[in-house]
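Dear colleague,

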Amino acid sequence: MESDALGRPLYVRDGLRIIREIECLSDALAFLRDWPETRRGPIYHSALRACRAAQAGQLHLDGARNAMQCFARSVGILEVAPVSIEPWMVAPRSGRMPI
């Protein structure tokens, strides 16, 4: 089975405080399925068609990711990817080094 991973995940705001990570087509389709019907417009339908086409192998995953990103940006829910700080990136505290 071919992976449906989108490469780099997308982060979207779901409600006021919850940020969801969209990592694969399944995540994108579930998010779109849950989107309120009253807020579905042409860009929503384009994203849905692109994700379904990618799922059927008719569109590259990048196309589906781009469509999903455009939809999220157009409705104002696209979030910047969170930055994680790796332990090697943190400067040691002054003083004694832990053993």
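Contact here means that heavy atoms lie within 4.5 Å, and a residue is called buried when its relative accessible area is under 20%. Please keep in mind that this is a predicted model.

I would begin with helix H2, which runs over residues 42–55. Its 14 residues, at 1.5 Å a residue, should span 20 Å, and because its end C-alpha atoms are 20 Å apart, the model agrees with that expectation. Several residues of H2 are buried, among them Tyr 44, Leu 48 and Cys 51, and what covers the buried residues includes helix H1 (25–34) and helix H3 (61–74). After H2 comes Gly 57, which has a positive phi near 80 degrees.

How do the axes of H2 and H3 cross? They come within 8 Å of each other and cross at roughly 160 degrees, which means that H2 is roughly antiparallel to H3, and the crossing is left-handed. The residues of H2 that take part in this meeting include Ile 43, Ala 47 and Ala 54, while those of H3 include Leu 61, Ala 67 and Phe 71.

Turning to the strands, E1 (residues 5–14) pairs with E2 (residues 18–24) in the antiparallel sense over six bridges, and in their hairpin, which has three residues between the strands, Gly 15 takes a positive phi near 90 degrees. E1 also pairs in the antiparallel sense with E3 (residues 78–79), over two bridges. Tyr 11 stands opposite Glu 21 in E2 and opposite Glu 79 in E3.

How values were computed:
Residues numbered from 1 in each chain as written. Predicted model: local features only at pLDDT ≥ 70, side-chain atom pairs only at ≥ 80, totals over all residues. Heavy atoms only, no water. Pairing = 2+ DSSP bridges. Helix = DSSP H or I, 4+ residues; strand = E, 2+ residues; numbered from the N terminus. Expected span 1.5 Å × (residues − 1). Buried < 20%, exposed > 50% of the residue type's maximum accessible area, 1.4 Å probe, protein only. Axes fitted to C-alpha atoms, helices over the stretch in contact; angles between N-to-C directions. Parallel < 35°, antiparallel > 145°, perpendicular 65-115°, else oblique. Left-handed = near helix turned anticlockwise from the far one by under 90°.
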